[in-house]
Amino acid sequence: MYKAPRGTSDILPREQGYWRYIEEKASSLCQLYGYERIDTPVFEDARLFIRTIGPGTDIVEKQTYSFEDRSGQEMTLRPEGTAPICRAYIEHGMHNLPQPVRLYYFASIFRYERPQKGRYRQHQQFGFEALGDDDPALDAEVIDMAWQFFAFLGLGGLSLLLNSIGCKLCRPNYLERLKGYYSEHVYHLCQDCKGRLVRNPLRLLDCKKPSCQGVAQSAPRSTEHLCPHCKEHFESVMRYLFLLGIPFEKNHRLVRGLDYYKRTVFEIQPQGEEGAQTALGGGGRYDDLIEELGGRPTPAIGFAAGMERIVLSIRMQGIATAAPSSSTVFVAYLGEGAKDEAVKMTAALRRTGISAISSLGDRSLRAQLRQANALGAAYALILGEEEVASGTVMLRDMARGEQKRVSMDGVVSILDKGNT
Ligand code: AMP
């Protein structure tokens, strides 16, 4: 028996309501904030991700789904949404548009992870990016939008964590201090962190192992080693957040998993689960990324949230998404002559915008009505020899179990007048 690959899952029809709910809330949020949709390919030149996410990161080292295509070019299934958008920004000359360019996306993301609850090998992200401005008010806009997104969804009990990890001027100095500190505590570190100390010291701070967390607690803080520019920027971001009434917590261990982040980083987590792998979404500034990809200097900031984790939270918090629709009309028939009429009537209903499903095969009326019930049909139309001969049809209200004979010509308008 074949199964969905490990770490992937099917989204069955009965679960689709959650997804549509999130997509609708996300789309109306973007409309409200003036963000436009963009879609990029599922795979890209592998170098795009190595270059942007960073060669020393877990994603690039252990998690990409990469393959050589038939022409020998190395491709990677999208392991995150931002780099492809920066590539598109440059490729389509978006610097000619009014800045910042505000974009949003829904994208499948592929990472070869160890699957567990809320962590999969294929997941779906909703994300948005504002490219072309470094005004701290834009950071506040993006953070506000992320925060409002969860409010739109009706999710409560969340915390917003905020940090600044500096820029290419101040970060090297900070990293030296961090390395110095961690070198003195190397015996308490897990095997992975010993590697990070050499390759990616910033990630030492967000290791989830208890012994490493103890060391991280007293580690030097990036916000205490910012250059004057970054310090002022971070203070302004916080001031705007106060202005907007967005509650946030400064967290010096928040660094995010991708190398391209600069200055502002933030994450939204269920309260009390700080440190666990439960972030619903996160983002930050990536002011050098577009330039590193060959574009003009273009400061930018973005955010992405994991849809599967949001579905889990919506279910856990018992949020009502949408009432199941039961407006379908089921067309039943008895006999070959009536079947022709049923097929025509089903098509006629659909052409007028009424959702309809026709029975199939040769079954008893009882079996057909049982199916109508199982499908949640509001009405059944029943056609027999007698009805065909007299140009009528039985209209059955499934919930009440009542039926009446109506004219075939009139049934569409009866159903159309809000009866369904
Ligand atoms: P990232 O691209 O790592 O910044 O992740 C953004 C958001 O995507 C996270 O906050 C999670 O909600 C979600 N996410 C990241 N990785 C996974 C995964 N492997 N499985 C499910 N959701 C994920």
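**Overall size, a helix pair and a hairpin**

User: What radius of gyration does the protein have, and what would a compact globule of 420 residues have?

Analyst: The protein has 28 Å, whereas a compact globule of 420 residues would have a radius of gyration near 22 Å. The radius is taken over C-alpha atoms, and the globule rule is 2.2 Å times the number of residues to the power 0.38. This is a predicted model, in which local features need pLDDT of at least 70, side-chain atom pairs count only at pLDDT 80 or more, and totals for chains, interfaces and linings use all residues. Residues are numbered from 1 along each chain as its sequence is written, and side-chain values use heavy atoms, with hydrogens and water left out.

User: How many helices and strands are there?

Analyst: There are 15 helices and 16 strands. Both are DSSP runs numbered from the N terminus: helices are H or I with at least four residues, strands are E with at least two.

User: Which residues of α5 meet α9?

Analyst: Pro136, Ala137, Asp139, Ala140, Ile143 and Asp144 in α5 do so, and their counterparts in α9 are His233, Ser236, Val237, Tyr240, Leu241 and Leu244. Contact means heavy atoms within 4.5 Å.

User: Moving on, how do strands β15 and β16 pair?

Analyst: β15 (residues 392-397) and β16 (residues 402-407) pair in the antiparallel sense over six bridges. Strands pair if DSSP finds at least two bridges between them.

User: Which residue in β16 is the bridge partner of methionine 394?

Analyst: That partner is arginine 405.

User: And what is in the turn?

Analyst: Four residues lie between the two strands of this hairpin, and glycine 401 in the turn has a positive phi of about 75 degrees.
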